[in-house]
Amino acid sequence: MSVKDRVIAIVAEQAVLEPSDVTLENTLEDLGIDSLGLVESIFAIEEEFDISIPFNANEPEKSDFDISSVATIIAGIEKLVDSAPAA
Amino acid sequence: MKRVVITGAGTINALGHDVPQTLAAMKEGHCGIGPLEMRDVDRLAVQIGAQVRDFQSDAIFNRQQLALYDRFTQFALIAAREALAQSGLEFSGALSAKSGVVMGNSGGGMQTLDENYRTVYEDGKNRVHPFVVPKLMNNAAASHISMEFNLKGPSFTVASACASSNHAMAQAFQMVRSGMAPVMISGGTESMLCFGGVKAWEGLRVMSKDACRPFSSTRNGMVQGEGAGVFVFEEMQHAKARGADILAEVIGFAMTSDASDIVMPSRQGASRAISGALEDAGINREEVGYINAHGTGTAANDKTECSAVADVFGPHADYLMMSSTKSMHGHLIGGTGAVELLACIMALRDGVIAPTIGYEEPDPECALDVVPNEARDASVEVALSNAFAFGGLNAVLALRRA
């Protein structure tokens, strides 16, 4: 599965939706994911890809990780996965 | 001052997943204590406990709820749902704004602590689930009850070890009696039966390895249990106006502190709490027919408690019944007083006194009628529930037949 599909699967599970119902343009708010759902999604993504996502819930706009849509989240994770040391 | 009645009761514990099952088990003298089932149980010196069995949390709560509910919160919500359903109350408007929830609890989310300490210390992982804190905090159970039932008045958690539930219910009682709140949801919950929880208790060397035998000369310690009890405390006129079924009246309470030792009980502290509850309720000692004992099954508690009861009741001590239901459901620590209040309600409402099971031989230092081994039919007007905690914090509640 691609990074994109894996992220969508995690986001869909959090939103209690089918992956096919999640589009790249969706915001987390569109999907009904609240602030707790966001940190739980970030945790699940970190576990899935064994990466560390720089995200502080107090100042999300200053985090070097754009959560404004499913597409930006996927892009951010692809960047982190690419820069992670090879296992 | 307002009069306060109980219009709903709920529980889950080793004797049953609801009140009817629990009372039936108490009437039968059923023992909920058995071999512990948990990870690494072979590393424990104490391998028995009163666990809640056949409990399928995923059949009751959805995935999002389970991510936020430690086992102690799950127990509290199950008990609260039963109590609220029985009461028939729904909270909106002014009733919602003034009614709250006070829960007793000692350990908080011990299962969550245990699992996540394993994750970071044993497994060496550097990341834990983001909900560890909201899951383990002691007030999580009270908060989730407030959210599920729209209780927007005074709500908090009371921690006084083994007296937590009684202190919590005393707070709820005071709030309704003073007119501050028309309805308060109150009780206690605990889930310490995890590896770390039992290991910690082992260290004190007060646990029995085979059974809980309160007041018996052969007693050799306490046995831990788990679960919750939740009650609806309601102002009497409010309850009568809506035709509610009244389970019992709460008529008084007292709280005292031994101010002497962090673990050893005190005869004076206990007797001051018992006599204080009688005074607060404005009743004569001869009116008391049943006491649900703290009765932990330790050498120290049981003899101290019996001597305190003898001090307070004088000759009447020989005419009242006092049993310890911990022999059946174990010691629920911060939740224990709530489950034990059910035995008081059963005595008042059904005329059945729950027994002290596991009783083998009389102890001259516990020479009271402890209702050994078999339940008994008796008509009781007033019942007391004792709780004497580590830390020397005592709380006694008095209930009258409705």
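Student: Hi! What percentage of the 402 residues in chain B counts as buried?

Tutor: Buried residues make up 60% of chain B. A residue is buried if 20 or more other C-beta atoms lie within 10 Å of its own, exposed if 12 or fewer, and partly exposed in between, with C-beta atoms placed from the backbone. Keep in mind that this is a predicted model, in which local features need pLDDT of at least 70 and side-chain atom pairs count only at pLDDT 80 or more, while totals for chains, interfaces and linings use all residues. Residues are numbered from 1 along each chain as its sequence is written, and chains are lettered from A and ligands numbered from 1 in the order in which they are written.

Student: And what percentage is buried in chain A?

Tutor: For chain A, 20% of the 87 residues count as buried.

Student: How many helices and strands does chain A have?

Tutor: Chain A has three helices and zero strands, so its order from the N terminus is α-α-α. Here helices (H or I, at least four residues) and strands (E, at least two) are DSSP runs, numbered from the N terminus.

Student: What about helices and strands in chain B?

Tutor: Chain B has 15 helices and 14 strands.

Student: What does the C-alpha trace span along the principal axes?

Tutor: About 35 × 30 × 20 Å for chain A, and about 65 × 55 × 40 Å for chain B.

Student: Moving on, how many residues does each chain give to the contact between A and B?

Tutor: Four from chain A and five from chain B. The chain A side divides into two nonpolar, no polar and two charged residues. Two residues are in contact if their C-beta atoms, placed from the backbone, lie within 7 Å. Ala, Val, Leu, Ile, Met, Phe, Trp, Tyr, Cys and Pro count as nonpolar, Asp, Glu, Lys and Arg as charged, and the others, Gly among them, as polar.

Student: Now the domains. Where do they run in chain B?

Tutor: Domain 1 covers 4-241 and domain 2 covers 252-400; such bounds come from an automatic or database domain assignment. The C-alpha centres of the two domains lie 21 Å apart. Their contact takes 62 residues from domain 1 and 56 residues from domain 2.

Student: Which element gives the largest share of the domain 1 side?

Tutor: Helix 9 of chain B, with seven residues. That side as a whole divides into 29 nonpolar, 28 polar and five charged residues.

Student: What does the largest nonpolar core look like, and which residues have the most contacts inside it?

Tutor: This core has 132 residues, and those with the most contacts inside it are Ala76(B), Phe233(B) and Ala277(B). Helix 15 (residues 336-350) of chain B gives the largest share, 10 residues. Domain 1 and domain 2 of chain B each supply at least three residues. A nonpolar core is a set of buried Ala, Val, Leu, Ile, Met, Phe, Trp, Tyr and Cys residues joined through C-beta atoms within 7 Å.

Student: Which residues does Phe233(B) touch?

Tutor: Leaving aside neighbours within four places in sequence, the contacts of Phe233(B) include Val4(B), Ile6(B), Phe173(B), Met184(B) and Val250(B). There is also a second, separate core of 11 residues, which includes Ile10(A), Val11(A), Ile45(A) and Val70(A).

Student: Switching to helix 6 of chain B, which residues are buried there?

Tutor: Met110(B), Gln111(B), Thr112(B), Asp114(B) and Glu115(B). They pack against helix 4 (71-87), helix 7 (132-136) and helix 10 (195-203) of chain B. After helix 6 of chain B comes Gly124(B), with a positive phi near 70 degrees.

Student: Last one: where is Ala378(B) found?

Tutor: In the loop between strand 12 (376-377) and strand 13 (382-389) of chain B. Ala378(B) has 14 other C-beta atoms within 10 Å, so this residue is partly exposed. Leaving aside neighbours within four places in sequence, Ala378(B) is in contact with Gly289(B), Met321(B), Gly351(B) and Ile353(B).
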